[in-house]
Amino acid sequence: MEEDEIAKPAKPKAKKDTAPGRLIDTYAAQCENCHKWRVIDSQDEYEDIRSKMLEDPFNCQKKHGMSCEEPADLDYDSSRTWVIDKPGLPKTPQGFRRSLVLRKDYSKMDTYYFTPTGKKLRSRNEIAAFVEANPEFKNAPLGDFNFTVPKVMEDTVPPDPKLGSPISTTTTEKSSFKQIQD
């Protein structure tokens, strides 16, 4: 699960643009009680849930008008590639945007941060240099820039990634600790 770019109108692709199936288009969290998957409306809301997951696990009632009696929003299947985030990762500092991109071979994801000015940062050193050069962002805690990537769920990866990619990628947060431990 990460970017809204998939839903935006098509634009001419530059050579370095990422294929739509490799960007996150859906965020979801699993209810601690009924284990149903609930779509989370935005990346910001998802990151808020993920950052508090250890002390305040997600449940259906946290979604307005939702209960465990309602059908699941998503079914875990191979119609999309699923990636599972670690709970407790900090929320991206205000004004910045965290981007996850699935590698072409589906082996893992790469994490990038985009500054409020649109600059792409690929490492902690680049973030530190940007904050140093732009004192207006000195209040952005460096510890909140986390390059931990979600785990790609191998059972949802296409059998031959070269032949085609799933329609979308979903980032999820599992609320049951037994389900996230490796």
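Asp 73 is partly exposed in this predicted model, at 30% relative accessibility. The side chain of Asp 73 meets that of Arg 38 in a salt bridge, with an N to O distance of 3.6 Å. Arg 38 lies in strand 2, whereas Asp 73 lies in the loop between helix 1 (43-52) and strand 3 (81-84), so the pair ties together parts that are 35 residues apart in sequence. A network of salt bridges links Arg 38, Lys 63 and Asp 73.

Arg 38 itself is located in strand 2, which spans residues 37-40. Arg 38 counts as buried because its relative accessibility is 0%. Two backbone oxygens also face polar atoms of the Arg 38 side chain. The backbone oxygen of Ser 67 lies 3.2 Å from such an atom. For the backbone oxygen of Glu 70, the distance is 3.0 Å.

The whole structure contains 8 salt bridges. Among them is the pair Lys 52 and Asp 48, whose closest N and O atoms are 3.2 Å apart. Both residues lie in helix 1, with a separation of 4 residues, about one turn of the helix. Lys 52 is partly exposed, at 37% relative accessibility. Asp 48 is also partly exposed, at 28%. Another salt bridge joins Lys 62 to Asp 56, where the closest N and O atoms are 2.5 Å apart. Lys 62 is partly exposed, with a relative accessible area of 37%. Asp 56 falls into the partly exposed class at 40%.

Strand 2 pairs with strand 1 (residues 24-30) in antiparallel fashion, through 4 bridges. In this pairing, Ala 28 has Val 39 of strand 2 as its bridge partner. The two strands form a hairpin, with 6 residues between them. His 35 sits in the loop that connects strand 1 and strand 2. The phi angle of His 35 is positive, near 65 degrees, in a residue other than glycine. His 35 is partly exposed, at 37% relative accessibility.

A positive phi is also found at Tyr 106, again near 65 degrees and in a residue other than glycine. Tyr 106 belongs to the loop between strand 4 (97-102) and strand 5. Tyr 106 is buried, with a relative accessible area of 5%.

Strand 5 contains Thr 111. Thr 111 counts as buried, at 7% relative accessibility. Beyond residues up to four places away in sequence, Thr 111 touches Arg 98, Ser 99 and Leu 100, as well as Arg 122. Its contacts also include Asn 146, Phe 147, Thr 148 and Val 149.

Strand 5 (109-114) also takes part in the packing of helix 2. Helix 2 covers residues 124-133, and its buried residues are Ile 127, Phe 130 and Val 131. These residues lie on the same side of helix 2, because they cover an arc of only 95 degrees around the axis. On the other side of helix 2, the exposed residues are Asn 125, Glu 132 and Ala 133. The buried residues pack against strand 5 and also against strand 6 (120-121).

The sulfur of Cys 31 has its closest cysteine sulfur in Cys 60, at 3.6 Å. That distance is too far for a bond, because a disulfide requires the sulfur atoms to lie within 2.5 Å. Cys 31 is buried, at 0% relative accessibility. For Cys 68, the closest cysteine sulfur is that of Cys 34, at 3.6 Å, too far for a bond. Cys 68 is buried, with a relative accessible area of 16%.

How values were computed. Residues numbered from 1 in each chain as written. Predicted model: local features only at pLDDT ≥ 70, side-chain atom pairs only at ≥ 80, totals over all residues. Heavy atoms only, no water. Buried < 20%, exposed > 50% of the residue type's maximum accessible area, 1.4 Å probe, protein only. Arc of directions from axis to C-beta. Contact = heavy atoms within 4.5 Å. Polar contact = N/O pair within 3.5 Å; in protein donor to acceptor, adjacent residues only side chain to side chain. Pairing = 2+ DSSP bridges. Salt bridge = Lys/Arg side-chain N within 4 Å of Asp/Glu carboxyl O.
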